[in-house]
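Biologist: Could you show me how to read a few features of a protein model? I would like the general idea each time, and then the case at hand.

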Amino acid sequence: MRVRDRSIALLGWRDWVYVLSLLVPLVAYEISLKVLSLVSEYPASGVWGALRLLRSDLLFDLGYALVWIGLFAVSRGILRRVVLVLFHASAILVVLIGTCAYHYFRSTGTTLDYPMVAYYLTKPGEAQGAVSSTVSLGAWLVLGAALLYALVGPILVTRAIVLRSLTGRPPDRPPGADDEETSRGTWHSSRELTRREFLAAGVGTAAGAFLLKESLLPDEAAGASASFSRSPVSNLVATELEQSEMEAAAENVNVRHPLANVRLKPTWRTKRRHVALIHLESVRERSVTPYNDALETMPYLAGLAQESLLVERAYTTIPHTSKAIVSVNSGLYPSPKTEIVEAEPRGIPARCLAELLAEQGYRSAWFQSAKQSFEDRAQLVENFGYAHFQAYESMKTDGFERANYLGYEDDIMLEPSRRWLE
């Protein structure tokens, strides 16, 4: 009994009710979203594999809880009010990040990393279009309820429990009775911490900070990507640090451009063939027939794969469309910066495939069903060296469906590309 009383003495019982009424639902909400992602993406991970993939989330949640319990314990007066505001603000931020990461992952199959968040913050119009096209009304209602609870839920829960405790007081205990139990029912900011309690609060806060730091480390042995094995907040922090390191390293390197003066030269074995590069926007490998025999989404592509070479394991340089296609068309790594600097005039320090083939008598064209303004695509394609560019704005849209906020279904490109070929 004595040990229990000392452990709980860090906070008054109403403080405990207030803090836990926010922490417990918050942790449950975050873990539930991660479990749903696990079930959809890694259904065969098993119990042990699932626990390993939840490791970062559990460390983050435990560290987050310890930090705020410690801060509540040591804060008094005005400082307590500041801690209270930051507590709710951080909870709202955690809910927003966790929810956005969940829906982004369900929609794209990739995790929400810092470079993508930073990009969307600079392009609010594209961010609005992406969100509105993928998030259902039910998801908005769930998010609204979670944010509302994070804002006022603990206040309502604490008042309800305190009111119940007061109305349930025995008849022989007057409202003003002042024993040890009722004195701990007052807000704890009225009593100074003992040295032992202050030390315990400090140790708890430090332990929480350590666990938060540990949550940044991925568990790639669990059979998932490093980003997925981190909690959503930890992944944003970790990828921001990685992004900063990459940009700093890129600035300190003397860049060589071995493809700046490259030429294509025919040999006696050269056969002139038509060349087609087909980029599939945000299509998962598991969703196409060549990699999943149970599907019939792309039977023609599957037929080509049976008569040709099929890459069974491939890696992108940077998981961002406008960055990845730079490597495909130029053979170079794109800039690690979030901004699409390759779409600036003379933004690619190499002669790309379309330009090299043009010197051999080829004519080139780029067709896309997305809008031409997306990530300055027209300028990027010009930098690749394509002589003709056409987006859906200059195509007939009658009879075709919009695929998403970016543009139309791919069939819209068939007639314009056929006319160009003829």
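This is a predicted model: local features need pLDDT of at least 70, side-chain atom pairs count only at pLDDT 80 or more; totals for chains, interfaces and linings use all residues.

Biologist: Let's begin with the cores. Which residues have the most contacts inside the largest nonpolar core?

Modeller: The general idea is that in soluble globular proteins, nonpolar side chains tend to be buried together. Here the largest nonpolar core has 29 residues, and L11, V19, L23, Y64, F72 and F87 have the most contacts inside it. Two or more residues each come from helix 2 (13-41), helix 4 (55-74), helix 5, helix 8 (137-167) and helix 11 (232-251). Helix 2 gives the most, with 8 residues. There is also a second, separate core of 15 residues, which includes I325, V326, I340 and F384.

Biologist: Now the arginine. Where does R80 lie, and is R80 buried or exposed?

Modeller: R80 lies in helix 5, which spans residues 77-108. R80 counts as buried because its relative accessible area is 9%, and the cut-off for buried is under 20%.

Biologist: What does the side chain of R80 reach?

Modeller: The side chain of R80 reaches the backbone oxygen of F72, at 2.5 Å. You met F72 above, among the residues with the most contacts in the largest core.

Key:
Residues are numbered from 1 along each chain as its sequence is written. Side-chain values use heavy atoms; hydrogens and water are left out. Helices (H or I, at least four residues) and strands (E, at least two) are DSSP runs, numbered from the N terminus. Buried means under 20% relative accessible area, exposed over 50%, partly exposed in between (1.4 Å probe, protein chains only). A polar contact is a pair of N or O atoms within 3.5 Å; within protein, one must be able to donate a hydrogen and the other to accept it, and residues adjacent in sequence count only if both atoms are side-chain atoms. A nonpolar core is a set of buried Ala, Val, Leu, Ile, Met, Phe, Trp, Tyr and Cys residues joined through side-chain atoms within 4.5 Å.
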